[in-house]
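Student: I have a model open and would like to go through it with you. Could you take me through the strands, the core and the confidence?

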Amino acid sequence: MNNTPNPNRNTGGTQRPAQPQVNRNAQTADRPAGAQRPAGAQRPAGAQRPAQQAKRPVQPQGKAPNGKKGGKKNKDLVLAVLALILVVALAITILVCCIKAIVDTVNKNNNTPGTTITTTGTTGTTAATDPVYPTPAPGAWNEGFVTLSKPNTAIHEGDIILVNGDHAYTFPSSLQLVEMLNKSYGWSTVYVLGNGMTYPDGTQKPVELSRRVVADLTAMLADMKAANSTLTDTRRLMILSGYRTLEKQQELYENETVEGLTAKPGHSEHHTGLTFDIRISVKDKPEIEYLNDTEQAWITENCAKYGFILRYTDDNKDITGILNEDWHFRYVGKAHASYMAENDLCLEEYVDMLRKNHHYGLQEPLNYKVGETEYTIYYFPASVENDTTNIYVPSSNYEVSGNNVDGFIVTITK
Ligand SMILES: [Zn+2]
């Protein structure tokens with residue numbers, strides 16, 4: 001009955017572990033600017049200490065007037081020492097800057113200069129803190145970026161949320177995000193709708209889907225019909241299932257006879273309204289059919305162009321925890337769907353890959369082209385210190401989605 005026990009390798013590698021690692025690396029690499037904890041730092045640390053020590057003698061500078069009474073010799077001596085200290089401090093600063101520049105050049109992956117570690121209280125416990133991102137520099141890929149404040153709860157919303165056995169869906173307070181795909185249930189020229197859900201009076205409910213997917217889904221079904229002569233006015237595509245309530249999933253889960261085919265209630269992608277199941281309905285035949293091989297091949301090969309992915313396959317069942325489902329498609333948007341299809345990644349692997357390889361401020365973003373459209377994609381972790389996250393974004397032409405795990409994914413369209 002349960003689909004969780006599967007050894008989801010995504011779970012282990014995907015979530016928490018990646019972030020702290022990245023941050024810690026950054027903290028070590030970026031030490032010079034912070035100069036807070038010489039213990040962990042390398043060359044810069046040794047160089048900075050004298051700089052700090054140098055500050056102490058500077059304090060007497062304010063007391064100098066008192067020492068004035070001591071005579072000119074003392075004054076000259078103090079001035080000489082101060083001058084010497086200043087020269088040494090300056091030399092050290094220059095040296096540190098040079099070393100840092102060299103280190104930065106060598107470690108192109110770690111280009112955030114301002115990451116800090118803070119220690120809380122006097123107990124010496126080191127708390128994980130947010131990376132401190134530098135203001136985007138002129139000429140950098142992120143020049144002109146501004147911060148967008150998002151509540152951390154928003155990591156549960158968006159096109160790229162990962163919903164699986166380990167990551168439950170967080171239902172929004174209002175279901176306005178989900179709307180009817182077609183309020184007139186029945187035969188249309190292209191497809192029919194039905195999801196087995198009924199109104200309290202027993203009448204069939206039409207399929208509901210997120211507004212996000214309707215236009216792309218409608219276009220895909222029309223193109224699919226045009227490309228497959230087997231699809232006729234009496235053999236039509238059927239959107240069998242779209243949005244599902246928690247109660248509906250509970251019912252399906254309890255009645256499921258095949259282990260690993262139906263997600264646990266609260267963990268189904270169908271809760272998101274971004275997912276649909278597709279089958280074939282033949283006029284005057286009560287049985288619902290599966291797509292035939294050529295129809296299946298067409299939608300599998302072309303769905304990414306419309307922003308959809310075939311979510312569960314034999315190849316990824318050990319990762320997703322769900323058995324092969326040829327009929328289950330999930331909307332993630334065109335850029336992400338195309339990248340996943342081209343690189344043979346399932347959603348778990350993709351979310352993991354963005355976190356590990358395209359962490360804003362620490363690594364280069366993912367630049368990806370679909371047709372004539374260029375996309376820049378990166379991961380931005382949710383704040384661990386605050387309830388809101390200040391995400392660096394351009395001034396326009398971007399979208400932010402949560403990953404439903406630990407952060408956000410920004411997609412810029414050029
Ligand atoms: Zn499904």
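This is a predicted model: local features need pLDDT of at least 70, side-chain atom pairs count only at pLDDT 80 or more; totals for chains, interfaces and linings use all residues.

Student: Which way do β5 and β7 run, and how many bridges join them?

Tutor: Strand β5 (residues 191-193) and β7 run parallel and are joined by 3 bridges; two strands pair if DSSP finds at least two bridges between them. Helices (H or I, at least four residues) and strands (E, at least two) are DSSP runs, numbered from the N terminus.

Student: And what about β7 and β8?

Tutor: Those two run antiparallel, with 6 bridges between β7 and strand β8 (residues 275-282), and Leu237 stands opposite Ile280 in β8.

Student: Is β7 largely enclosed or left open?

Tutor: Strand β7 (residues 235-241) has 6 of its 7 residues buried, so it is largely enclosed by the rest of the structure. Here a residue is buried if 20 or more other C-beta atoms lie within 10 Å of its own, exposed if 12 or fewer, and partly exposed in between, with C-beta atoms placed from the backbone.

Student: Changing topic, what is the strand order in the open sheet of 4 strands?

Tutor: The order is β12-β13-β16-β15, with antiparallel pairing. β12 (366-370) and β15 (398-402) stand at the edges with a single partner strand each, so one side of each is left without a neighbour in the sheet. From one strand to the next, the twist averages 25°.

Student: How many bridges join β13 to β16?

Tutor: There are 7 bridges between strand β13 (residues 373-381) and strand β16 (residues 407-413), and the bridge partner of Pro381 in β16 is Gly407.

Student: Which strands does helix α11 lie across?

Tutor: Helix α11 (residues 334-343) lies across β12, β13 and β16, and runs at about 95° to β12; axes are lines fitted to C-alpha atoms, for helices over the stretch in contact, and angles run from 0 to 180 degrees between N-to-C directions.

Student: Which residues touch the most other members of the largest nonpolar core?

Tutor: Of its 63 residues, Ile278, Cys303, Ile309 and Val410 do, a nonpolar core being a set of buried Ala, Val, Leu, Ile, Met, Phe, Trp, Tyr and Cys residues joined through C-beta atoms within 7 Å. Leaving aside neighbours within four places in sequence, Val410 is in contact with residues including Ile377, Phe380, Ile391 and Val400, where contact means that the C-beta atoms of two residues, placed from the backbone, lie within 7 Å.

Student: Where is Val405, and is Val405 buried or exposed?

Tutor: Val405 is found in the loop between β15 and β16, and with 24 C-beta neighbours inside 10 Å it counts as buried. Val405 and Ala168 are 237 residues apart in sequence, yet 9.5 Å apart in space, C-alpha to C-alpha.

Student: Last topic, what pLDDT does the protein average?

Tutor: The average is 76, and 67% of the residues score at least 70; pLDDT is the predictor's confidence in each residue, from 0 to 100. Residues 1-70 stay under 50, and for them the model has 100 contacts beyond four places in sequence. Over residues 105-126 the pLDDT is also below 50, and this stretch has 43 contacts in the model beyond near neighbours in sequence.

Definitions and conventions. Residues are numbered from 1 along each chain as its sequence is written.
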